[in-house]
Amino acid sequence: MCGILAVLGCADWSQAKRARILSCSRRLKHRGPDWSGLYQHEGNFLAQQRLAIVSPLSGDQPLFNEDRTVVVVANGEIYNHKKIRKQFAGKHAFTTGSDCEVIIPLYEEYGENFVDMLDGVFAFVLYDTRTKTYLAARDAIGVNPLYIGWGSDGSVWLSSEMKALNEDCVRFEIFPPGHLYSGGAAAAGGGFRRWYNPHWFLEQVPATPYQPLLLREAFEKAVIKRLMTDVPFGVLLSGGLDSSLVASVTKRHLIETEAAEKFGTELHSFVVGLEGSPDLKAAREVADYLGTIHHEFHFTVQDGIDAIEEVIYHDETYDVTTIRASTPMFLMARKIKSLGVKMVLSGEGSDELLGGYLYFHFAPNKEEFHQETCRKVKALHQYDCLRANKATSAWGLEVRVPFLDKEFINVAMSMDPEWKMYNKDLGRIEKWVMRKAFDDDERPYLPKHILYRQKEQFSDGVGYSWIDGLKAFTDQQVTDEMMKNAAQVFPYNTPINKEAYYYRMIFERLFPQESARETVPWGPSIACSTPAAIEWVAQWKGSHDPSGRLISSHNESTSSSHAAGEHANGNGVAAAAAVANGHGGAANGKVNGAEVAVAVAV
(Lines give C-alpha, C1' and ligand atoms only; values in the text may rest on other atoms or scores of the structure.)
Protein backbone atom coordinates (compact mmCIF):
# COMPACT_ATOMS: atom_id res chain seq x y z
CA MET A 1 0.00 0.00 0.00
CA CYS A 2 1.02 3.56 -0.66
CA GLY A 3 -0.37 6.94 0.30
CA ILE A 4 -1.49 9.42 -2.33
CA LEU A 5 -2.57 13.06 -2.10
CA ALA A 6 -3.67 15.20 -5.02
CA VAL A 7 -4.77 18.84 -4.84
CA LEU A 8 -6.22 20.07 -8.11
CA GLY A 9 -7.23 23.55 -9.22
CA CYS A 10 -5.62 25.57 -6.43
CA ALA A 11 -5.78 29.34 -6.74
CA ASP A 12 -2.47 29.53 -4.86
CA TRP A 13 0.64 28.22 -6.69
CA SER A 14 3.17 29.57 -4.24
CA GLN A 15 6.04 27.79 -2.51
CA ALA A 16 4.12 28.19 0.73
CA LYS A 17 1.23 26.21 -0.76
CA ARG A 18 3.63 23.54 -1.99
CA ALA A 19 5.11 23.31 1.49
CA ARG A 20 1.63 22.93 2.98
CA ILE A 21 0.77 20.10 0.60
CA LEU A 22 4.08 18.40 1.37
CA SER A 23 3.22 18.63 5.05
CA CYS A 24 -0.20 17.08 4.45
CA SER A 25 1.32 14.32 2.33
CA ARG A 26 3.76 13.42 5.10
CA ARG A 27 0.78 12.47 7.27
CA LEU A 28 0.56 9.43 4.97
CA LYS A 29 4.20 8.43 5.37
CA HIS A 30 3.25 5.37 7.45
CA ARG A 31 1.53 3.99 4.33
CA GLY A 32 4.63 4.51 2.22
CA PRO A 33 7.88 4.70 4.17
CA ASP A 34 10.12 3.78 1.21
CA TRP A 35 10.06 6.97 -0.89
CA SER A 36 8.10 10.14 -1.55
CA GLY A 37 7.49 12.36 -4.54
CA LEU A 38 5.61 15.54 -5.45
CA TYR A 39 4.71 16.92 -8.87
CA GLN A 40 3.38 20.43 -9.47
CA HIS A 41 1.88 21.95 -12.62
CA GLU A 42 0.56 25.43 -11.93
CA GLY A 43 -2.10 24.99 -9.23
CA ASN A 44 -2.19 21.18 -9.46
CA PHE A 45 -0.20 19.01 -7.08
CA LEU A 46 0.20 15.21 -7.05
CA ALA A 47 2.09 13.60 -4.16
CA GLN A 48 2.82 10.03 -3.16
CA GLN A 49 4.35 8.17 -0.24
CA ARG A 50 5.53 4.82 -1.58
CA LEU A 51 5.54 1.31 -0.16
CA ALA A 52 7.64 -0.58 -2.70
CA ILE A 53 6.26 -4.09 -3.33
CA VAL A 54 6.64 -4.46 -7.11
CA SER A 55 9.85 -3.18 -8.77
CA PRO A 56 11.19 -1.46 -5.64
CA LEU A 57 14.22 -0.05 -7.47
CA SER A 58 12.40 1.55 -10.40
CA GLY A 59 8.80 2.31 -9.51
CA ASP A 60 9.03 5.63 -7.71
CA GLN A 61 6.12 7.99 -8.26
CA PRO A 62 4.72 10.18 -9.69
CA LEU A 63 4.71 8.24 -12.99
CA PHE A 64 4.80 9.95 -16.41
CA ASN A 65 4.25 9.31 -20.09
CA GLU A 66 7.15 9.78 -22.53
CA ASP A 67 6.90 13.58 -22.83
CA ARG A 68 5.79 14.07 -19.20
CA THR A 69 2.45 15.58 -20.20
CA VAL A 70 0.46 12.94 -18.32
CA VAL A 71 1.21 12.25 -14.67
CA VAL A 72 -0.19 9.66 -12.25
CA VAL A 73 0.00 8.90 -8.56
CA ALA A 74 -1.45 5.57 -7.51
CA ASN A 75 -1.96 3.27 -4.57
CA GLY A 76 -2.59 -0.06 -6.18
CA GLU A 77 -1.71 -3.52 -7.36
CA ILE A 78 -2.53 -4.13 -11.03
CA TYR A 79 -2.29 -7.89 -11.41
CA ASN A 80 -2.67 -7.93 -15.20
CA HIS A 81 -0.01 -5.28 -15.81
CA LYS A 82 2.28 -7.63 -17.75
CA LYS A 83 -0.52 -8.48 -20.17
CA ILE A 84 -1.25 -4.78 -20.65
CA ARG A 85 2.44 -4.03 -21.20
CA LYS A 86 2.49 -6.55 -24.04
CA GLN A 87 -0.58 -4.89 -25.54
CA PHE A 88 1.32 -1.59 -25.75
CA ALA A 89 4.69 -2.95 -26.83
CA GLY A 90 6.00 -0.60 -29.49
CA LYS A 91 3.34 2.00 -28.72
CA HIS A 92 4.42 3.15 -25.28
CA ALA A 93 7.91 3.35 -23.83
CA PHE A 94 7.66 2.11 -20.27
CA THR A 95 10.26 3.69 -18.04
CA THR A 96 9.67 1.77 -14.77
CA GLY A 97 8.73 -1.71 -13.64
CA SER A 98 5.76 -0.37 -11.68
CA ASP A 99 2.53 -2.28 -12.25
CA CYS A 100 0.67 1.04 -11.99
CA GLU A 101 2.47 2.59 -14.99
CA VAL A 102 0.03 0.80 -17.32
CA ILE A 103 -2.64 3.31 -16.26
CA ILE A 104 -0.97 5.91 -18.52
CA PRO A 105 -1.08 4.14 -21.91
CA LEU A 106 -4.57 2.85 -21.16
CA TYR A 107 -5.71 6.42 -20.55
CA GLU A 108 -4.02 7.68 -23.69
CA GLU A 109 -5.66 4.94 -25.74
CA TYR A 110 -9.15 4.80 -24.23
CA GLY A 111 -9.69 8.01 -22.26
CA GLU A 112 -11.58 7.52 -19.01
CA ASN A 113 -13.21 4.31 -20.26
CA PHE A 114 -10.26 2.08 -19.38
CA VAL A 115 -10.77 1.62 -15.65
CA ASP A 116 -12.67 -1.67 -15.93
CA MET A 117 -9.69 -3.10 -17.87
CA LEU A 118 -7.60 -3.03 -14.69
CA ASP A 119 -7.52 -6.31 -12.77
CA GLY A 120 -6.56 -5.36 -9.25
CA VAL A 121 -7.21 -2.93 -6.43
CA PHE A 122 -6.36 0.73 -6.70
CA ALA A 123 -6.92 4.37 -5.95
CA PHE A 124 -5.28 6.72 -8.41
CA VAL A 125 -5.27 10.30 -9.69
CA LEU A 126 -4.18 11.20 -13.22
CA TYR A 127 -3.54 14.73 -14.50
CA ASP A 128 -3.26 15.64 -18.18
CA THR A 129 -1.32 18.87 -18.65
CA ARG A 130 -2.36 19.13 -22.31
CA THR A 131 -6.06 19.47 -21.54
CA LYS A 132 -5.71 20.56 -17.91
CA THR A 133 -8.10 17.81 -16.91
CA TYR A 134 -7.87 15.14 -14.25
CA LEU A 135 -9.27 11.69 -13.53
CA ALA A 136 -9.49 9.85 -10.22
CA ALA A 137 -10.78 6.32 -9.64
CA ARG A 138 -11.22 3.74 -6.92
CA ASP A 139 -11.35 -0.05 -7.23
CA ALA A 140 -14.58 -2.02 -7.52
CA ILE A 141 -15.18 -2.92 -3.86
CA GLY A 142 -13.08 -0.26 -2.16
CA VAL A 143 -10.24 -2.45 -0.93
CA ASN A 144 -7.97 0.59 -1.17
CA PRO A 145 -9.19 3.70 0.66
CA LEU A 146 -9.79 7.07 -0.92
CA TYR A 147 -11.36 10.34 0.24
CA ILE A 148 -12.40 13.42 -1.71
CA GLY A 149 -12.76 16.98 -0.44
CA TRP A 150 -13.29 20.51 -1.67
CA GLY A 151 -11.29 23.55 -0.60
CA SER A 152 -12.64 27.05 -0.07
CA ASP A 153 -10.87 28.17 -3.28
CA GLY A 154 -12.71 25.56 -5.35
CA SER A 155 -9.82 23.10 -5.35
CA VAL A 156 -10.45 19.35 -5.30
CA TRP A 157 -8.51 17.23 -2.81
CA LEU A 158 -8.06 13.46 -3.05
CA SER A 159 -6.27 11.43 -0.40
CA SER A 160 -5.76 7.84 0.71
CA GLU A 161 -6.69 8.84 4.23
CA MET A 162 -8.83 11.55 5.75
CA LYS A 163 -6.04 12.93 7.92
CA ALA A 164 -4.24 14.47 4.92
CA LEU A 165 -7.16 16.69 3.88
CA ASN A 166 -9.54 17.18 6.81
CA GLU A 167 -7.96 20.46 7.96
CA ASP A 168 -7.84 22.04 4.50
CA CYS A 169 -11.27 21.22 3.05
CA VAL A 170 -14.60 22.88 3.80
CA ARG A 171 -16.23 19.50 3.25
CA PHE A 172 -15.06 16.01 2.39
CA GLU A 173 -16.42 12.48 2.10
CA ILE A 174 -15.58 8.91 1.21
CA PHE A 175 -14.80 8.45 -2.48
CA PRO A 176 -17.31 5.73 -3.46
CA PRO A 177 -15.90 2.38 -4.63
CA GLY A 178 -16.35 1.46 -8.26
CA HIS A 179 -16.50 5.12 -9.31
CA LEU A 180 -14.35 7.58 -11.19
CA TYR A 181 -14.31 11.35 -10.84
CA SER A 182 -13.26 13.72 -13.60
CA GLY A 183 -12.84 17.47 -13.83
CA GLY A 184 -10.64 20.33 -14.89
CA ALA A 185 -10.67 23.26 -17.29
CA ALA A 186 -11.73 21.34 -20.38
CA ALA A 187 -13.71 18.54 -18.75
CA ALA A 188 -17.25 18.20 -20.05
CA GLY A 189 -19.82 16.49 -17.87
CA GLY A 190 -17.36 15.86 -15.08
CA GLY A 191 -18.03 14.66 -11.56
CA PHE A 192 -18.72 11.12 -10.36
CA ARG A 193 -19.53 8.23 -12.66
CA ARG A 194 -19.84 4.57 -11.77
CA TRP A 195 -17.46 2.42 -13.81
CA TYR A 196 -18.17 -0.88 -12.03
CA ASN A 197 -21.58 -2.19 -13.04
CA PRO A 198 -21.80 -5.93 -12.40
CA HIS A 199 -25.10 -7.70 -12.83
CA TRP A 200 -25.34 -8.52 -9.12
CA PHE A 201 -25.48 -4.82 -8.27
CA LEU A 202 -29.14 -4.89 -9.33
CA GLU A 203 -29.74 -7.45 -6.54
CA GLN A 204 -31.77 -9.65 -8.88
CA VAL A 205 -31.64 -13.28 -7.79
CA PRO A 206 -29.33 -15.29 -10.07
CA ALA A 207 -30.16 -18.77 -11.35
CA THR A 208 -26.74 -20.14 -12.34
CA PRO A 209 -26.24 -23.63 -10.85
CA TYR A 210 -23.48 -24.24 -8.33
CA GLN A 211 -20.30 -25.39 -10.09
CA PRO A 212 -17.77 -26.38 -7.44
CA LEU A 213 -14.80 -26.70 -9.78
CA LEU A 214 -15.51 -23.28 -11.29
CA LEU A 215 -15.62 -21.74 -7.80
CA ARG A 216 -12.40 -23.49 -6.82
CA GLU A 217 -10.61 -22.45 -10.00
CA ALA A 218 -11.69 -18.81 -9.63
CA PHE A 219 -10.41 -18.70 -6.06
CA GLU A 220 -7.11 -20.37 -6.87
CA LYS A 221 -6.53 -17.87 -9.67
CA ALA A 222 -7.35 -15.04 -7.28
CA VAL A 223 -4.75 -16.26 -4.80
CA ILE A 224 -2.06 -16.97 -7.39
CA LYS A 225 -2.25 -13.55 -9.02
CA ARG A 226 -1.77 -11.96 -5.59
CA LEU A 227 1.61 -13.61 -5.25
CA MET A 228 2.99 -10.89 -7.55
CA THR A 229 5.73 -9.44 -5.35
CA ASP A 230 9.36 -8.44 -5.27
CA VAL A 231 9.53 -8.43 -1.47
CA PRO A 232 9.09 -11.08 1.25
CA PHE A 233 5.49 -11.98 2.10
CA GLY A 234 3.34 -14.31 4.19
CA VAL A 235 -0.24 -15.18 5.11
CA LEU A 236 -2.45 -14.29 8.05
CA LEU A 237 -3.75 -17.53 9.54
CA SER A 238 -6.43 -17.77 12.23
CA GLY A 239 -7.28 -21.43 11.73
CA GLY A 240 -10.75 -20.60 10.40
CA LEU A 241 -11.96 -21.71 6.98
CA ASP A 242 -11.21 -18.54 5.03
CA SER A 243 -7.64 -17.88 6.13
CA SER A 244 -6.87 -21.61 6.05
CA LEU A 245 -7.95 -21.87 2.41
CA VAL A 246 -5.89 -18.80 1.51
CA ALA A 247 -2.86 -20.38 3.19
CA SER A 248 -3.47 -23.81 1.63
CA VAL A 249 -3.83 -22.50 -1.92
CA THR A 250 -0.79 -20.23 -1.48
CA LYS A 251 1.32 -23.10 -0.20
CA ARG A 252 0.20 -25.41 -3.01
CA HIS A 253 0.91 -23.01 -5.87
CA LEU A 254 3.82 -20.99 -4.52
CA ILE A 255 6.38 -23.18 -6.25
CA GLU A 256 4.91 -22.15 -9.63
CA THR A 257 5.44 -18.44 -9.11
CA GLU A 258 8.23 -15.94 -9.70
CA ALA A 259 8.07 -15.16 -5.98
CA ALA A 260 9.35 -18.69 -5.25
CA GLU A 261 12.37 -18.06 -7.48
CA LYS A 262 13.22 -14.98 -5.42
CA PHE A 263 12.33 -16.07 -1.90
CA GLY A 264 12.00 -19.85 -1.98
CA THR A 265 8.98 -22.07 -1.36
CA GLU A 266 8.76 -21.74 2.41
CA LEU A 267 5.60 -19.89 3.47
CA HIS A 268 5.41 -17.80 6.63
CA SER A 269 2.10 -17.61 8.53
CA PHE A 270 1.08 -15.26 11.34
CA VAL A 271 -1.50 -15.19 14.11
CA VAL A 272 -2.11 -12.97 17.14
CA GLY A 273 -4.00 -13.57 20.36
CA LEU A 274 -4.05 -13.38 24.11
CA GLU A 275 -2.04 -16.10 25.81
CA GLY A 276 -3.93 -19.39 25.49
CA SER A 277 -6.59 -18.09 23.09
CA PRO A 278 -8.32 -20.64 20.82
CA ASP A 279 -7.17 -19.13 17.54
CA LEU A 280 -3.55 -19.72 18.50
CA LYS A 281 -4.27 -23.43 18.81
CA ALA A 282 -6.39 -23.61 15.65
CA ALA A 283 -3.83 -21.72 13.58
CA ARG A 284 -1.01 -23.93 14.83
CA GLU A 285 -2.93 -27.05 13.75
CA VAL A 286 -3.42 -25.71 10.22
CA ALA A 287 0.16 -24.45 10.02
CA ASP A 288 1.49 -27.87 11.04
CA TYR A 289 -0.67 -29.56 8.40
CA LEU A 290 0.44 -27.18 5.65
CA GLY A 291 4.06 -27.01 6.78
CA THR A 292 4.30 -23.24 7.09
CA ILE A 293 6.88 -21.38 9.14
CA HIS A 294 4.44 -20.22 11.77
CA HIS A 295 4.71 -17.16 14.02
CA GLU A 296 2.52 -16.61 17.08
CA PHE A 297 2.27 -13.14 18.56
CA HIS A 298 0.79 -12.56 22.00
CA PHE A 299 -0.65 -9.37 23.47
CA THR A 300 -2.29 -8.40 26.73
CA VAL A 301 -5.53 -6.54 27.30
CA GLN A 302 -3.50 -3.58 28.52
CA ASP A 303 -1.41 -3.64 25.35
CA GLY A 304 -4.62 -3.31 23.38
CA ILE A 305 -6.05 -0.56 25.55
CA ASP A 306 -2.84 1.42 25.25
CA ALA A 307 -3.08 1.20 21.44
CA ILE A 308 -6.72 2.34 21.12
CA GLU A 309 -5.98 5.99 20.37
CA GLU A 310 -3.46 5.07 17.67
CA VAL A 311 -5.94 2.63 16.17
CA ILE A 312 -8.65 5.30 15.97
CA TYR A 313 -6.18 7.73 14.43
CA HIS A 314 -5.17 5.26 11.74
CA ASP A 315 -8.58 3.66 11.12
CA GLU A 316 -10.37 7.02 11.12
CA THR A 317 -13.54 5.57 12.62
CA TYR A 318 -15.51 5.38 15.85
CA ASP A 319 -17.33 2.19 14.89
CA VAL A 320 -17.00 -0.06 17.93
CA THR A 321 -16.60 -3.40 16.20
CA THR A 322 -14.03 -2.05 13.78
CA ILE A 323 -11.93 -0.66 16.62
CA ARG A 324 -12.15 -3.87 18.64
CA ALA A 325 -11.15 -6.00 15.68
CA SER A 326 -8.49 -3.61 14.38
CA THR A 327 -6.51 -3.37 17.60
CA PRO A 328 -4.99 -6.88 17.67
CA MET A 329 -4.43 -6.65 13.91
CA PHE A 330 -2.66 -3.31 14.39
CA LEU A 331 -0.38 -4.86 17.02
CA MET A 332 0.31 -7.91 14.87
CA ALA A 333 1.15 -5.80 11.82
CA ARG A 334 3.97 -4.10 13.69
CA LYS A 335 5.45 -7.47 14.65
CA ILE A 336 5.18 -8.78 11.11
CA LYS A 337 6.87 -5.72 9.63
CA SER A 338 9.71 -6.06 12.13
CA LEU A 339 10.50 -9.45 10.59
CA GLY A 340 11.11 -7.84 7.20
CA VAL A 341 7.79 -8.91 5.68
CA LYS A 342 6.01 -6.22 3.66
CA MET A 343 2.97 -8.04 2.24
CA VAL A 344 0.48 -10.61 3.54
CA LEU A 345 -2.58 -12.39 2.17
CA SER A 346 -5.76 -12.48 4.24
CA GLY A 347 -9.30 -13.89 4.12
CA GLU A 348 -11.63 -10.88 4.25
CA GLY A 349 -14.80 -10.91 2.14
CA SER A 350 -15.86 -14.54 2.20
CA ASP A 351 -18.64 -14.13 4.76
CA GLU A 352 -20.21 -11.28 2.81
CA LEU A 353 -20.07 -13.04 -0.56
CA LEU A 354 -21.21 -16.44 0.65
CA GLY A 355 -23.52 -15.58 3.54
CA GLY A 356 -21.12 -16.94 6.14
CA TYR A 357 -22.36 -15.05 9.19
CA LEU A 358 -24.59 -17.18 11.37
CA TYR A 359 -27.54 -14.81 11.17
CA PHE A 360 -27.86 -15.88 7.52
CA HIS A 361 -29.28 -19.17 8.85
CA PHE A 362 -32.48 -17.24 9.49
CA ALA A 363 -32.92 -15.84 5.97
CA PRO A 364 -36.57 -16.57 5.12
CA ASN A 365 -35.90 -17.30 1.45
CA LYS A 366 -33.19 -17.17 -1.17
CA GLU A 367 -34.31 -13.77 -2.43
CA GLU A 368 -33.69 -12.12 0.94
CA PHE A 369 -30.49 -14.11 1.40
CA HIS A 370 -29.08 -12.84 -1.90
CA GLN A 371 -30.14 -9.25 -1.31
CA GLU A 372 -28.44 -9.30 2.07
CA THR A 373 -25.17 -10.57 0.55
CA CYS A 374 -25.38 -7.74 -2.00
CA ARG A 375 -25.84 -5.18 0.75
CA LYS A 376 -22.94 -6.64 2.73
CA VAL A 377 -20.51 -6.62 -0.20
CA LYS A 378 -21.45 -3.05 -1.09
CA ALA A 379 -20.65 -1.96 2.49
CA LEU A 380 -17.31 -3.76 2.79
CA HIS A 381 -15.29 -0.59 2.15
CA GLN A 382 -16.62 0.89 5.40
CA TYR A 383 -15.75 -2.08 7.58
CA ASP A 384 -13.53 -5.06 6.76
CA CYS A 385 -11.69 -3.37 3.89
CA LEU A 386 -11.11 -0.25 5.98
CA ARG A 387 -9.91 -2.30 8.96
CA ALA A 388 -7.63 -4.64 7.04
CA ASN A 389 -6.06 -1.85 5.01
CA LYS A 390 -5.57 0.84 7.61
CA ALA A 391 -4.66 -1.30 10.63
CA THR A 392 -1.79 -2.83 8.66
CA SER A 393 -0.70 0.15 6.54
CA ALA A 394 -0.17 1.97 9.83
CA TRP A 395 3.12 0.04 9.88
CA GLY A 396 3.83 -0.07 6.14
CA LEU A 397 2.42 -3.57 5.68
CA GLU A 398 0.25 -4.41 2.68
CA VAL A 399 -2.73 -6.79 2.91
CA ARG A 400 -4.10 -8.56 -0.16
CA VAL A 401 -7.56 -10.14 -0.14
CA PRO A 402 -8.18 -12.83 -2.79
CA PHE A 403 -11.85 -13.34 -1.87
CA LEU A 404 -12.46 -9.83 -3.20
CA ASP A 405 -10.99 -10.58 -6.59
CA LYS A 406 -13.30 -9.15 -9.26
CA GLU A 407 -13.67 -12.44 -11.16
CA PHE A 408 -14.19 -14.50 -8.00
CA ILE A 409 -16.89 -12.05 -6.93
CA ASN A 410 -18.61 -12.52 -10.29
CA VAL A 411 -18.60 -16.30 -9.89
CA ALA A 412 -19.75 -16.23 -6.26
CA MET A 413 -22.49 -13.64 -6.78
CA SER A 414 -23.81 -15.25 -9.99
CA MET A 415 -24.62 -18.51 -8.21
CA ASP A 416 -28.18 -19.48 -7.36
CA PRO A 417 -28.26 -18.47 -3.65
CA GLU A 418 -30.22 -21.61 -2.79
CA TRP A 419 -26.87 -23.41 -2.78
CA LYS A 420 -25.36 -20.97 -0.27
CA MET A 421 -28.18 -21.27 2.26
CA TYR A 422 -27.96 -23.23 5.48
CA ASN A 423 -29.88 -26.49 5.13
CA LYS A 424 -29.73 -28.88 8.05
CA ASP A 425 -31.55 -31.66 6.21
CA LEU A 426 -29.02 -31.62 3.38
CA GLY A 427 -26.06 -31.24 5.73
CA ARG A 428 -25.18 -27.79 4.45
CA ILE A 429 -23.64 -25.41 6.95
CA GLU A 430 -22.61 -21.84 6.20
CA LYS A 431 -20.19 -21.48 3.27
CA TRP A 432 -20.89 -25.10 2.29
CA VAL A 433 -20.28 -24.19 -1.36
CA MET A 434 -16.70 -23.21 -0.57
CA ARG A 435 -16.11 -26.20 1.68
CA LYS A 436 -17.44 -28.63 -0.93
CA ALA A 437 -15.41 -27.01 -3.70
CA PHE A 438 -12.18 -27.71 -1.82
CA ASP A 439 -13.14 -31.18 -0.57
CA ASP A 440 -10.61 -33.23 -2.51
CA ASP A 441 -9.89 -36.73 -1.22
CA GLU A 442 -7.03 -37.32 -3.64
CA ARG A 443 -5.13 -34.11 -2.91
CA PRO A 444 -6.71 -32.63 0.22
CA TYR A 445 -6.35 -28.91 0.78
CA LEU A 446 -7.22 -29.20 4.47
CA PRO A 447 -8.20 -31.95 6.91
CA LYS A 448 -11.97 -32.54 6.77
CA HIS A 449 -12.55 -31.55 10.38
CA ILE A 450 -11.06 -28.15 9.58
CA LEU A 451 -12.72 -27.85 6.18
CA TYR A 452 -16.15 -28.54 7.69
CA ARG A 453 -15.67 -26.82 11.02
CA GLN A 454 -18.76 -24.68 11.61
CA LYS A 455 -18.20 -20.97 11.66
CA GLU A 456 -18.34 -19.58 15.13
CA GLN A 457 -19.97 -16.26 15.64
CA PHE A 458 -17.77 -14.11 17.81
CA SER A 459 -14.28 -13.71 18.98
CA ASP A 460 -12.79 -16.09 21.35
CA GLY A 461 -10.22 -15.93 18.58
CA VAL A 462 -7.84 -13.43 20.07
CA GLY A 463 -9.17 -14.17 23.54
CA TYR A 464 -12.62 -13.49 24.92
CA SER A 465 -11.25 -11.43 27.80
CA TRP A 466 -10.18 -8.83 25.24
CA ILE A 467 -13.78 -7.68 24.83
CA ASP A 468 -14.56 -7.98 28.53
CA GLY A 469 -11.44 -5.98 29.29
CA LEU A 470 -12.45 -3.20 26.91
CA LYS A 471 -15.92 -2.99 28.40
CA ALA A 472 -14.57 -2.88 31.94
CA PHE A 473 -12.00 -0.22 31.05
CA THR A 474 -14.40 2.08 29.23
CA ASP A 475 -16.98 1.66 31.99
CA GLN A 476 -14.45 3.29 34.31
CA GLN A 477 -13.62 6.09 31.86
CA VAL A 478 -17.19 7.21 31.08
CA THR A 479 -19.54 8.15 33.90
CA ASP A 480 -23.30 7.61 34.04
CA GLU A 481 -23.73 11.38 33.98
CA MET A 482 -21.77 11.58 30.73
CA MET A 483 -24.05 8.97 29.19
CA LYS A 484 -27.16 10.92 30.24
CA ASN A 485 -25.89 13.87 28.23
CA ALA A 486 -24.67 11.82 25.27
CA ALA A 487 -27.33 13.11 22.90
CA GLN A 488 -26.43 16.71 23.71
CA VAL A 489 -22.68 16.15 23.36
CA PHE A 490 -22.98 13.92 20.28
CA PRO A 491 -26.28 14.66 18.56
CA TYR A 492 -25.10 12.96 15.38
CA ASN A 493 -24.81 9.16 15.62
CA THR A 494 -25.26 9.31 19.40
CA PRO A 495 -23.31 6.56 21.22
CA ILE A 496 -25.59 4.30 23.27
CA ASN A 497 -23.04 2.74 25.62
CA LYS A 498 -19.85 3.72 27.39
CA GLU A 499 -17.48 1.91 25.08
CA ALA A 500 -18.92 3.72 22.05
CA TYR A 501 -18.82 7.02 23.96
CA TYR A 502 -15.15 6.55 24.83
CA TYR A 503 -14.14 5.87 21.23
CA ARG A 504 -16.21 8.81 20.04
CA MET A 505 -14.42 11.19 22.42
CA ILE A 506 -11.07 10.20 20.95
CA PHE A 507 -12.33 10.42 17.37
CA GLU A 508 -13.79 13.91 17.87
CA ARG A 509 -10.54 15.15 19.34
CA LEU A 510 -8.57 13.80 16.37
CA PHE A 511 -11.11 14.62 13.66
CA PRO A 512 -13.44 17.38 14.90
CA GLN A 513 -14.98 18.28 11.53
CA GLU A 514 -18.62 17.57 10.76
CA SER A 515 -17.60 15.88 7.51
CA ALA A 516 -15.35 13.52 9.46
CA ARG A 517 -18.08 12.17 11.70
CA GLU A 518 -20.34 11.75 8.67
CA THR A 519 -17.91 9.28 7.07
CA VAL A 520 -18.61 6.69 9.78
CA PRO A 521 -21.65 4.42 9.31
CA TRP A 522 -24.00 3.80 12.19
CA GLY A 523 -27.10 1.71 12.65
CA PRO A 524 -28.82 -1.33 14.23
CA SER A 525 -27.23 -4.74 13.75
CA ILE A 526 -27.57 -8.27 15.03
CA ALA A 527 -24.48 -10.43 14.64
CA CYS A 528 -23.03 -8.28 11.84
CA SER A 529 -26.31 -8.01 9.93
CA THR A 530 -27.54 -5.01 8.02
CA PRO A 531 -30.64 -3.29 9.45
CA ALA A 532 -32.80 -4.93 6.78
CA ALA A 533 -31.95 -8.42 8.04
CA ILE A 534 -33.15 -7.59 11.55
CA GLU A 535 -36.66 -7.92 10.12
CA TRP A 536 -36.10 -11.66 9.67
CA VAL A 537 -36.67 -12.47 13.34
CA ALA A 538 -39.21 -10.63 15.49
CA GLN A 539 -37.12 -11.03 18.64
CA TRP A 540 -34.23 -9.15 17.06
CA LYS A 541 -36.23 -5.98 16.46
CA GLY A 542 -36.45 -4.96 20.10
CA SER A 543 -32.85 -5.76 20.94
CA HIS A 544 -30.22 -3.12 21.54
CA ASP A 545 -27.55 -5.83 21.66
CA PRO A 546 -25.83 -6.26 18.29
CA SER A 547 -23.53 -8.94 19.64
CA GLY A 548 -25.44 -11.93 18.34
CA ARG A 549 -26.64 -13.22 21.68
CA LEU A 550 -29.96 -13.96 20.05
CA ILE A 551 -28.30 -16.15 17.42
CA SER A 552 -28.97 -19.71 18.52
CA SER A 553 -28.19 -21.65 15.34
CA HIS A 554 -24.79 -22.43 16.79
CA ASN A 555 -25.86 -24.34 19.79
CA GLU A 556 -26.32 -27.79 18.31
CA SER A 557 -22.77 -28.16 17.06
CA THR A 558 -20.63 -26.05 19.36
CA SER A 559 -19.51 -26.09 22.93
CA SER A 560 -21.79 -24.54 25.52
CA SER A 561 -18.84 -23.09 27.38
CA HIS A 562 -20.09 -19.58 26.66
CA ALA A 563 -23.68 -19.43 27.81
CA ALA A 564 -24.20 -16.07 26.14
CA GLY A 565 -23.51 -17.61 22.74
CA GLU A 566 -20.42 -15.54 21.96
CA HIS A 567 -17.87 -17.72 20.22
CA ALA A 568 -14.68 -17.42 18.20
CA ASN A 569 -14.93 -16.79 14.52
CA GLY A 570 -12.57 -17.77 11.77
CA ASN A 571 -12.54 -14.59 9.74
CA GLY A 572 -9.44 -14.08 7.62
CA VAL A 573 -7.04 -13.36 10.44
CA ALA A 574 -7.14 -14.18 14.09
CA ALA A 575 -6.65 -10.56 14.99
CA ALA A 576 -9.74 -9.50 13.13
CA ALA A 577 -12.31 -11.95 14.42
CA ALA A 578 -15.81 -10.55 14.63
CA VAL A 579 -16.88 -9.23 17.97
CA ALA A 580 -19.86 -7.46 19.43
CA ASN A 581 -20.23 -3.79 18.69
CA GLY A 582 -21.88 -1.10 20.67
CA HIS A 583 -24.16 0.74 18.30
CA GLY A 584 -27.14 -1.55 18.07
CA GLY A 585 -29.79 1.02 18.89
CA ALA A 586 -28.46 3.96 16.93
CA ALA A 587 -30.91 4.00 14.06
CA ASN A 588 -31.10 6.72 11.42
CA GLY A 589 -27.35 6.97 10.97
CA LYS A 590 -25.72 8.76 8.06
CA VAL A 591 -22.73 8.28 5.82
CA ASN A 592 -21.50 11.25 3.82
CA GLY A 593 -24.64 13.02 4.97
CA ALA A 594 -27.01 10.47 3.41
CA GLU A 595 -29.61 8.65 5.50
CA VAL A 596 -28.35 5.09 5.82
CA ALA A 597 -27.91 2.53 8.54
CA VAL A 598 -25.43 -0.09 7.45
CA ALA A 599 -24.14 -2.48 10.04
CA VAL A 600 -20.70 -3.87 10.72
CA ALA A 601 -19.11 -6.25 8.30
CA VAL A 602 -16.41 -7.88 10.37
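## Terms and basis

A residue is called buried when its relative accessible area is under 20%, exposed when that value is over 50%, and partly exposed in between, with a 1.4 Å probe and protein chains only. By this rule Tyr-359, at 0% relative accessibility, is buried.

The model is predicted, so local features need pLDDT of at least 70 and side-chain atom pairs count only at pLDDT 80 or more, while totals for chains, interfaces and linings use all residues. Residues are numbered from 1 along each chain as its sequence is written, and side-chain values use heavy atoms, with hydrogens and water left out.

## Aromatic pairs

Rings of Phe, Tyr and Trp (its six-membered ring) form a pair if their centres lie within 6.5 Å, and the pair is stacked with planes under 30 degrees apart, edge-to-face over 60, and tilted for the rest. The count by this rule is 34 aromatic pairs. One of them is the tilted pair of Phe-219 and Phe-403, with 4.5 Å from centre to centre and 35° between the planes. Phe-219 belongs to helix 4 (residues 212-225), whereas Phe-403 is in the loop between strand 17 (398-400) and helix 13 (406-413), so that the pair links parts of the chain 184 residues apart; here helices (H or I, at least four residues) and strands (E, at least two) are DSSP runs numbered from the N terminus. Phe-219 is buried, because its relative accessibility is 0%.

Tyr-359 and Trp-536 also form a tilted pair, because their ring centres are 5.9 Å apart and their planes stand at 35°. Trp-536 is buried at 13% relative accessibility.
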